[in-house]
Amino acid sequence: MESSTLYIVAQVLRVRSGCVLSTVWNQERAAKGLSNPEVHDTTLAIKTAVEAVRILLGES
């Protein structure tokens with residue numbers, strides 16, 4: 001929901017935008033009785049966000 005606003009504003013301002021999303025809970029896995037471990041390590045998400053910003057800036 002919030003990312004849609006980001007994209008609309010970016011389009012109006014004619015700038016690049018992007019977002020990195022994280023799934024906190026997978027209800028489909030839980031419904032099927034599959035393991036659904038919680039992972040609180042955000043290192044990979046942060047690395048992904050930094051690389052995405054580099055790409056958006058054209059530095060990659």
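## Surface and charge

In this predicted model, the accessible surface of the chain comes to about 5,600 Å², and 59% of that surface belongs to carbon and sulfur atoms. Of the 60 residues of the chain, 2% count as buried, a class that takes in residues with under 20% relative accessible area.

## Overall outline

The chain holds 3 helices and 0 strands, and when it is read along the sequence these elements follow the pattern α-α-α. The radius of gyration is 16 Å, whereas the globule rule gives 10 Å for 60 residues, and because the value for this chain is well over that figure, the chain is more spread out than a compact globule. Along its principal axes, the C-alpha trace spans about 45 × 25 × 15 Å.

Helix α1 has 12 residues, and from its first C-alpha to its last it reaches 17 Å, which is close to the 16 Å expected at 1.5 Å a residue. Just after α1 comes Arg 14, which takes a positive phi of about 55°.

Helix α3 covers residues 43-57, a run of 15 residues, and its reach of 21 Å from first C-alpha to last is close to the 21 Å expected at 1.5 Å a residue.

## The loop between α1 and α2

Arg 14 has its place in the loop between α1 and α2, and its phi is positive, at about 55°, although the residue is not a glycine. With a relative accessible area of 78%, Arg 14 is exposed, since that class begins over 50%.

Ser 22 also lies in the loop between α1 (2-13) and α2 (27-31), and with a relative accessible area of 62% Ser 22 is exposed. In sequence, Ser 22 and Thr 42 are 20 residues apart, while in space the distance between them, taken from C-alpha to C-alpha, is 9.2 Å.

## The salt bridge in α3

The structure holds 1 salt bridge, and in a contact of this kind the side chains of Glu 51 and Arg 54 meet, with a distance of 3.6 Å from N to O. Both Glu 51 and Arg 54 lie in helix α3, where they are 3 residues apart, which corresponds to about one turn of the helix.

How accessible are the two partners, Glu 51 and Arg 54? Glu 51 is partly exposed, with a relative accessible area of 29%, and Arg 54, at 41% relative accessibility, also counts as partly exposed. Both values fall in the partly exposed class because that class lies between the limit of under 20% for buried residues and the limit of over 50% for exposed ones.

Terms used
Residues are numbered from 1 along each chain as its sequence is written. This is a predicted model: local features need pLDDT of at least 70, side-chain atom pairs count only at pLDDT 80 or more; totals for chains, interfaces and linings use all residues. Side-chain values use heavy atoms; hydrogens and water are left out. Helices (H or I, at least four residues) and strands (E, at least two) are DSSP runs, numbered from the N terminus. The radius of gyration is taken over C-alpha atoms; the globule rule is 2.2 Å times the number of residues to the power 0.38. Buried means under 20% relative accessible area, exposed over 50%, partly exposed in between (1.4 Å probe, protein chains only). Accessible areas come from the Shrake-Rupley method with a 1.4 Å probe; for residues, only the protein chains shown count as cover. The expected span of a helix is 1.5 Å times one less than its number of residues. A salt bridge is a side-chain nitrogen of Lys or Arg within 4 Å of a carboxyl oxygen of Asp or Glu.
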